[in-house]
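I opened my notebook beside this model and jotted down what I looked up. Here are the entries, in the order I made them.

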Amino acid sequence: MDKAGLLEELNQTLPKKKVEKLAALGANQHYEVADLLELSFYPRSEIAFRAAWVLEYILEKYPERFLPLLNDFLKLYPEQKNPSCQRHYSKMLAHLLKTGRLNQADDRIDFDLLVESTFGWLIDEQTPVAVKVHCLEVLFVLKDKSPWILEELKSQIEFLMRHGSAGIQSRGRAILKKIASK
């Protein structure tokens, strides 16, 4: 399937089974997975969202197909402005960090830019809760990259928990507990 065919697929509502099928097609090289990364910046937000969702599924189920795009993904992460895509991007970055797959990226990873972008998403009042929850995870894992991250993360969690949703409350408490045990 070429990029136009992939775009046509993403132009339709995607139930989870269809996402799984598209991910499997990408894993079997029926299209270029790099096209999904590019389409996650598509001007129509619903197409970009679907592309990011399939890309996330590929990372989780077929990481060998995602990893060649790792450096490109990391460079594009700070540029993602679509909140629906930010949900998938932050979840993918958290997954990459937790599984140690970030070690497969080249040495030129700009961790400062990743941290800055993730904090930006976290403190933006317009950012959906699901994105914020993944941002908390990302920042906790990246806490050792710079001495100021942990203290700022703790402050942000405490601030968000004051009036936060159940998801923020739950994840915030869990991360504060991890911080306290350090």
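**Confidence.** I began with pLDDT, the predictor's confidence in each residue, from 0 to 100. The chain has a mean pLDDT of 93, and 98% of its residues reach 70 or more. I noted that confidence is lowest in helix 11 (residues 166–180), at a mean of 93, and highest in helix 4 (residues 45–61), at 97. Helices here are DSSP runs (H or I, at least four residues), numbered from the N terminus.

**Ground rules.** This is a predicted model, where local features need pLDDT of at least 70, side-chain atom pairs count only at pLDDT 80 or more, and totals for chains, interfaces and linings use all residues. Residues are numbered from 1 along each chain as its sequence is written, and side-chain values use heavy atoms, with hydrogens and water left out.

**Helix 7 with helix 8.** I looked up how helix 7 (residues 83–98) packs on helix 8 (residues 111–123): the angle is about 135°, with the axes 12 Å apart. Axes are lines fitted to C-alpha atoms over the stretch in contact, and angles run from 0 to 180 degrees between N-to-C directions. The two helices are therefore oblique to each other (angles under 35 degrees count as roughly parallel, over 145 as roughly antiparallel, 65 to 115 as roughly perpendicular and the rest as oblique). Gln-86, Tyr-89, Ser-90 and Leu-93 in helix 7 meet Leu-114, Thr-118 and Trp-121 in helix 8, contact meaning heavy atoms within 4.5 Å. I sorted this contact of helix 7 with helix 8 into four nonpolar, three polar and no charged residues. For the classes, Ala, Val, Leu, Ile, Met, Phe, Trp, Tyr, Cys and Pro count as nonpolar, Asp, Glu, Lys and Arg as charged, and the others, Gly among them, as polar.

**Helix 8 with helix 9.** Next I found helix 8 and helix 9 (residues 129–141) packing at about 145°, with axes 9 Å apart. Their contact has 10 nonpolar, one polar and one charged residues.

**Helix 8 with helix 10.** For helix 10 (residues 147–163), the angle to helix 8 is about 10° and the axes are 11 Å apart. Helix 8 and helix 10 are therefore roughly parallel to each other. Helix 8 brings Val-115, Phe-119, Leu-122 and Ile-123 to this contact, and helix 10 brings residues including Trp-148, Ile-149 and Glu-152.

**Salt bridges.** How many salt bridges does a search of the whole structure find? I got seven, each a side-chain nitrogen of Lys or Arg within 4 Å of a carboxyl oxygen of Asp or Glu. Glu-56 forms one with Lys-91, their closest N and O atoms being 3.0 Å apart. Glu-56 lies in helix 4 and Lys-91 in helix 7, so this pair ties together parts 35 residues apart in sequence.
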